[in-house]
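Here is a short report on a protein model and the ligand it holds. Look over the sequence and the structure first.

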Amino acid sequence: MKFTKGIRQKAPWELKDSDVTPEEVFNDRRRIIKAMGLGALGASIPGSVQAGIFDLFGDKKTQSQFITSPLTYTSNLNFTGNGATTPFDKITTHNNFYEFGTSKQDPSNNAQGFSVDPWTLVIEGEVERPLTLDLDDLNQLIALEERTYRLRCVEAWSMVVPWVGFPLASLLKKAGVKSHATHVAFETLFDPEQMPGQKSRLMGGGIHYPYVEGLTINEAMNDLSFLAVGLYGKTLPPQNGAPIRLVVPWKYGFKSIKSIVRIRVMDKQPPTSWNQLASHEYGFYANVNPNVDHPRWSQATERRIGEGGLFSAKRINTQMFNGYGEQVANLYQGLDLKSNF
Ligand SMILES: Nc1nc2c(c(=O)[nH]1)N[C@H]1C(S)=C(S)[C@@H](COP(=O)(O)O)O[C@H]1N2
Ligand SMILES: [Mo]
């Protein structure tokens with residue numbers, strides 16, 4: 001829960017269908033109110049507030065405004081996005097990263113001081129060779145490739161993101177998964193000094209931190225499961241999950257855990273943050289499925305961020321497995337996708 005200038009901002013688990021659909025309109029309305037306030041006050045307003053009026057015309061943020069550095073990679077031609085890539089300024093200013101606050105603008109505003117150097121990622125548990133990787137290892141241990149994937153949030157919005165990274169399976173193979181392993185657990189950094197949402201239950205949306213996620217071993221070894229260290233050719237901006245985050249494009253966005261410090265191979269299903277918060281609404285599998293509605297809203301369509309007009313985003317049909325069924329449908333043969341959501 002968050003209060004912004006008297007307007008109560010609801011967390012996703014509180015939203016109703018009528019709340020979810022006009023989110024962009026809601027945000028634009030807030031900007032207009034801000035802008036109208038400015039009009040009434042005239043020239044006497046301070047510069048920081050004045051910035052609000054330019055928001056109305058699109059607060060474009062460029063790559064140079066975030067601390068990112070160029071990466072060396074090759075383009076994977078199987079995942080090019082066919083030119084439909086969401087603009088950089090949308091991908092980096094419309095975020096979910098509750099460690100930095102629950103509104104879409106909070107992460108880009110509050111995460112800029114987030115320090116990821118030094119960083120340690122451990123791969124442990126049911127593996128032959130546990131690994132401890134530092135920041136340089138993340139960008140150099142495995143050859144980087146660019147893959148443009150669709151990202152579909154459970155809140156019914158989506159983007160198309162040109163990630164840079166490597167398959168999760170490549171890393172797991174380096175560690176050597178033991179034959180009886182069944183699942184992989186992921187954990188985000190816990191650092192309340194750097195992540196204000198971890199200090200305040202109100203700001204952190206009620207999640208029990210650290211944020212945790214998980215996959216079955218077969219999902220983790222699927223070629224689509226990707227560890228991203230960059231987007232648009234450069235290292236990840238903090239709000240997108242620097243220095244390394246998971247991307248599981250056939251599942252709802254909350255599975256794509258950010259700023260990972262621990263990967264633990266396990267022999268049982270691990271707990272996951274959104275499932276812990278509201279188990280009747282967010283399952284372990286969380287496969288994108290237009291035929292299974294969220295208890296409070298439809299999943300049949302989605303708003304494609306950055307496409308459409310100033311006050312709306314283009315609405316398109318949601319695809320089964322977010323359109324990646326050819327690569328992953330075989331993982332779920334015999335599983336009832338309605339009850340195993
Ligand atoms: N640690 C952590 N990871 C997270 C989240 C979060 O709040 N904390 N939000 C998730 C959700 S709901 C989505 S939709 C995606 C959004 O990724 P993006 O901001 O890069 O678009 O990140 C996911 N990973
Ligand atoms: Mo999401």
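Over which residues does pLDDT stay under 50, and how many contacts beyond four places in sequence does the model have for them? The stretch is residues 1-9, with 21 such contacts. Here pLDDT is the predictor's confidence in each residue, from 0 to 100, and contact means heavy atoms within 4.5 Å. Residues 21-57 also have pLDDT below 50, with 37 contacts beyond near neighbours in sequence. The chain has a mean pLDDT of 86, and 83% of its residues reach 70 or more.

This is a predicted model: local features need pLDDT of at least 70, side-chain atom pairs count only at pLDDT 80 or more, and totals for chains, interfaces and linings use all residues. Residues are numbered from 1 along each chain as its sequence is written, chains are lettered from A and ligands numbered from 1 in the order in which they are written, and side-chain values use heavy atoms, leaving out hydrogens and water.

Now the ligand. Around ligand 1 there are 17 residues, near meaning a heavy atom within 4 Å. Asn 95, Tyr 98, Glu 99, Ser 256 and Lys 258 come nearest. The shell divides into 8 nonpolar, 6 polar and 3 charged residues.

The table lists polar contacts (N or O atom pairs within 3.5 Å).

| Residue atom | Ligand 1 atom | Distance |
|---|---|---|
| Asn 96, backbone N or O | nitrogen | 3.2 Å |
| Glu 99, polar side-chain atom | nitrogen | 2.8 Å |
| Asn 240, side-chain N or O | oxygen | 3.0 Å |

Taken alone, ligand 1 exposes 540 Å², and the protein buries 98% of that (Shrake-Rupley method, 1.4 Å probe).

Key:
Polar contact = N/O pair within 3.5 Å; in protein donor to acceptor, adjacent residues only side chain to side chain. Nonpolar A, V, L, I, M, F, W, Y, C, P; charged D, E, K, R; others polar.
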